[in-house]
Amino acid sequence: MASENQSLVDLAGNGDYNRHVFYIGKRTEPNRRRVFVDLTDLKQQFVAMYPESGTPFVCRVPGRVNLMGEHLDYNGLPVLPMAIDRAIYMAFAPNSGSEIRIANRDARFSPVTFENVTPLEPSTGGAWENYAKAAIAGLNAHFSPEKHPGMDVLITSDLPPAAGLSSSSALVVGFGMAYLAAMGLTLGRDITRLELAGLLANAEHYVGTAGGGMDQTAILHGTAGCATRINFLPFQVEQVPLPKGVEILVCDSLVEARKSGGALDFYNAGPAACSLITALVNTHLQQDFGEDFAIECLGELWYGDLCFNRKEVEALFASILPAAHTTPSELATRLNMPLAQLKEYWLDEIPFGEAGLPLQARARHVMTEFYRVEEGRDALLAGDGATFGAHMNASHQSCANDYEISTPELDGLCKILNDAGSYGARLTGAGFGGAVVAMVPVASKDAVFAAVQTEYYGGRTQADGASPAFYVTASAGALHL
Ligand code: NG1
């Protein structure tokens, strides 16, 4: 199999992928977690587990942390994440049958075998094999291979699951890359990274989330030293160098946001609310212009035919959402739709109280967060960590108050990080738990880490001696090693 990106041997300035054992993180720094990934050992375990498959290939698939732009991707609006120097490592090889056999060194994920057939039915109860099934079903639908090949997989990882670092999309991308190879196809030749990202973003809906394409795109397009600005309308990426003199700290709140479990409904309430606002926009534009623009997402207000500016979008939102809350009966009247249909389309997914649905605040978040991404990008390009940090703080407030996806733990972490000298801090990812990300001036690096270690974690570390807070570096995207 042709290995892509063979020249990319140094991800974070510390690792060397030509060696079989390498380090991620500098060994001298206690707050940059030391990780030893022994690929020889992984391969040996693979051979012992699947003796008939022979020596496996290995790919490294990083997690991502989102620096700015939460819950924008499914609205078609730009986001600013970066791939990180924590990853899953997937050893894989095609087998002679059509069985998919997957195993994980993490005992929380039991080995699973399933037949590669179409249609591929999802397993119940948030099962982890659904991430493999999602990628395989998506690629089968795209390439329609004559024979559905089988493959064997063994995974190891230093990416914490359910911590807002996209471990689930890393799995989907890893299974996608492995399965492409099992089909005899090459990333970069038979499908571009951008095409694969788009395909896998849709494929991941198989697990029940209605997410956008941020995670898969960031994971496939990461570049050392850069944040990746992802534009969706049209779909393209831009690498934005991070300023000198800043560090990125990730702090796991230790509240799990497991999207294959309970957080799924909370997550899907966001896309549902935005789809409802989009329906209100369409009705309004039809009345105003006598034309059916039929926009599919809020991003089309700025991009595409409409090309509204900030003032125009503000005015539009003010007229369709004049009050903080909108009642179901108002919505039914305005959309000219029976209440039962409204319920079936949207209301079942969006939690709301007696006052009605807080759509004004949701729309405000989408609009203001979009401008924070654009202004944040400019701040990064200007090398201005302090301004970027101020946008991070505003983003956290908007996520907490307008999108209501924060938790007391995430709020508490942000406060500790800022009080100790960060430029700014915000929840990252879907919310409802997971992690906080902070931009920290190098001079305050140790003080900030010490503050969070003492004040949030009470000095405790995890079973392996590492802290749940760790500095990360922007790393290269997924690649075959
Ligand atoms: P995470 O943090 O991986 O749960 C989710 C969505 C993203 C995006 C963010 C919020 C998936 C796979 N990921 O990310 O697309 O919407 O929430 O910004 O659904």
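Let me begin with what I mean by a salt bridge, which is a side-chain nitrogen of Lys or Arg within 4 Å of a carboxyl oxygen of Asp or Glu. Please keep in mind that the structure we are looking at is a predicted model. By that rule, the count in this model comes to 20 salt bridges, and I would like to walk you through a few of them.

The pair to look at with me now is R64 and D215, which form a salt bridge in which the closest N and O atoms are 2.8 Å apart. R64 belongs to strand β3, residues 57-68, while D215 belongs to helix α5, residues 214-221, so this pair ties together parts that lie 151 residues apart in sequence. Are these two residues buried or exposed? R64 has a relative accessible area of 3%, and is therefore buried, given that buried means under 20%. D215, at 14% relative accessibility, counts as buried by that cut-off as well.

Let me turn next to R108 and D106, whose side chains meet in a salt bridge at 2.7 Å, N to O. Here R108 is exposed, with a relative accessible area of 52%, whereas D106, with a relative accessible area of 23%, is partly exposed.

Finally, please find R377 and D378, whose side chains meet in a salt bridge at 2.9 Å, again N to O. R377 counts as partly exposed at 22% relative accessibility, and D378 counts as partly exposed at 41%. This pair also belongs to a network, in which salt bridges that share partners join R229, E238, E374, R377 and D378.

Conventions
Residues numbered from 1 in each chain as written. Predicted model: local features only at pLDDT ≥ 70, side-chain atom pairs only at ≥ 80, totals over all residues. Heavy atoms only, no water. Helix = DSSP H or I, 4+ residues; strand = E, 2+ residues; numbered from the N terminus. Buried < 20%, exposed > 50% of the residue type's maximum accessible area, 1.4 Å probe, protein only.
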